[in-house]
Amino acid sequence: MLPELKKKIESKQARLAVIGLGYVGLPVACMFARAGFDVLGVELRPARVEQINAGVSPIEGDEPGLADLLAEVAAGGKLRATSDYAQLGDCDVVLIDVETPVDDQHTPRYQALRSALGSLAPVLKVGALVIVESTIAPGTMLKVVCPLLEQGSGRQLNQGFYLGNCPERVMPGKLLANLSTLSRVVGGGSPETAAVMAALYAHIVKADLDPADWITAELVKTVENAYRDVQIAFANEVALICEALGGDVWKVRELVNKSPYRQMHLPGAGVGGHCIPKDPWLLVYGVQGQGVPLRLIPAARAVNDGMPRHMVELLVSALAEQGRGIAGARILVLGYAYLEDSDDTRNSPSTALVTRLKELGATPVIHDPYVPEYQGDLYELGRGCQAAVVMVSHRAYKGLDLAKLAQALSLPVLVDGRRVVDANYARSIGYHYRGIGQETIR
Ligand code: SAJ
């Protein structure tokens, strides 16, 4: 059956389905539709089904090319959305792009994945290929996905159906570009399956398609994001050292990176988003119970999660030096998104900062040019505040009119979590400036 499937894929006769039309599933569905496949998108949210069938993109934020591509493939009838799993019965390939969050105990929550598999298995076409694109803990394909499909379909792996894991590598703001330019690991339930997966993705990926087994594919995705988290944590820990010893972490970083094979990341006010704070915990979960002493990866998470609280400590210290306590203070919080020039607030470090400020009896006044509920004139918002805290390096903040802000603030205190302000200039016009990784001038 696999050779016939490969031929249908190569000739684009294979009928494709994508379960989960979110920020990964929708661009993937559109790209296969543009490549010439008939694509069925399965989406539980009825409003989103309607929007997509009308050719209107439900994805917030600026995704170059996506809205036009969706309009084109929807109008051309190459992409159709539905909430009805029964329509999957004649699909030859089914991609699964549902959310795989972790909870407060860092345990994966696979409800969406289990629900998708539970609905798919009974209607799955004999000989079909299922590919999980969601990020999952190592071992999930073997222990969760495959058993659910076998039990639900009554068929065996590599006989009644084929199964693969192909983790996505997309970044908000570059979804379509990433999907075609970044290499991908095609983790097959057998080498033959990996080869068929490569034939499929070759229609949309103009980069390496690296065949592998399931565990390798699961490890690569979670490791590449754990790697980034550890690198950022290292930069943050160096920032704390510089503060204690009177160094400037930005200068230290610049000079360290002149040394060959060094690539110190950027320290900052914290690590947010839907990938980096989550994927290290998926990796940890995948190896738990195996007796491997994990010290570095959890510690890196703790360092990064501690940065918003460190920002508050800098603020409390700066206010105290001005003879002002934090309780009752109004604090202008500049930036609520998790990433510069983005409107995405998932796992934003600013959320942790705001919670801590309220615990200490302060009143946060939040501004963010990209987040609808926090837009407005930041200088007006700053009027009467006792300090300003920069949490995100939005372009708008790099051009802050510090003199104008100083007139609005009742105390010229500025805590800079992303080095968007020049410390010497700020101090020269009267600010009491504290920055992550920068010496304290008393
Ligand atoms: N951050 C730092 N210091 C750094 C880099 C990032 O503090 O040196 C912070 C950011 O402010 C943000 C968080 O970390 O709060 C995450 O930033 P990110 O640049 O990693 O952006 P993400 O979350 O969109 O990560 C995605 C990931 N892509 C996928 O998972 C497919 C990640 O693997 C990419 O490396 C990253 O995009 C990217 O390079 O843009």
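**View 1. Glu 224 and Arg 169 pair up in a salt bridge, with 2.7 Å between the closest N and O atoms.** A salt bridge here is a side-chain nitrogen of Lys or Arg within 4 Å of a carboxyl oxygen of Asp or Glu. The pair links distant parts of the chain, 55 residues apart: Glu 224 sits in helix H9, and Arg 169 in the loop between strand S6 (161-165) and helix H7 (175-181). Helices (H or I, at least four residues) and strands (E, at least two) are DSSP runs, numbered from the N terminus. Glu 224 is partly exposed at 25% relative accessible area, and Arg 169 is partly exposed too, at 23%. For the wording: buried means under 20% relative accessible area, exposed over 50%, and partly exposed in between (1.4 Å probe, protein chains only).

This is a predicted model, so to speak of local features pLDDT has to be at least 70, side-chain atom pairs count only at pLDDT 80 or more, and totals for chains, interfaces and linings use all residues. Residues are numbered from 1 along each chain as its sequence is written, and side-chain values use heavy atoms, with hydrogens and water left out.

**View 2. Arg 301 and Asp 229 meet in a salt bridge at 2.7 Å, N to O.** Arg 301 lies in helix H12 (residues 296-305) and Asp 229 in helix H9, so the pair ties together parts 72 residues apart in sequence. Arg 301 is buried, with a relative accessible area of 2%, and Asp 229 is buried at 1%. Elsewhere, salt bridges that share partners join Lys 8, Asp 92 and Lys 125 into one network. The count comes to 18 salt bridges.

View 3. An α-helix has 3.6 residues a turn, so residues three or four places apart point the same way. Glu 10 is partly exposed at 44% relative accessibility, and Lys 6 is partly exposed at 30%.

**View 4. The ligand has 20 residues around it, and Asn 225, Arg 228, Leu 266, Gly 272 and Tyr 338 come nearest.** A residue counts as near if one of its heavy atoms lies within 4 Å. A polar side-chain atom of Asn 225 is 2.5 Å from a ligand oxygen, a polar backbone atom of Leu 266 is 2.8 Å from a ligand nitrogen, and a side-chain N or O atom of Arg 418 is 3.3 Å from a ligand oxygen. The protein covers 87% of the 730 Å² of accessible area that the ligand has on its own (Shrake-Rupley method, 1.4 Å probe).

**View 5. Helix H8 (residues 191-201) is mostly covered, with 8 of its 11 residues buried.** Among them are Thr 193, Val 196, Met 197 and Tyr 201.

**View 6. Glu 60 sits in the loop between helix H3 (46-53) and helix H4 (66-75).** Glu 60 counts as exposed, at 57% relative accessibility. Glu 60 and Ser 342 are 282 residues apart in sequence, but their C-alpha atoms are 9.9 Å apart in space.

Technical notes: Polar contact = N/O pair within 3.5 Å; in protein donor to acceptor, adjacent residues only side chain to side chain.
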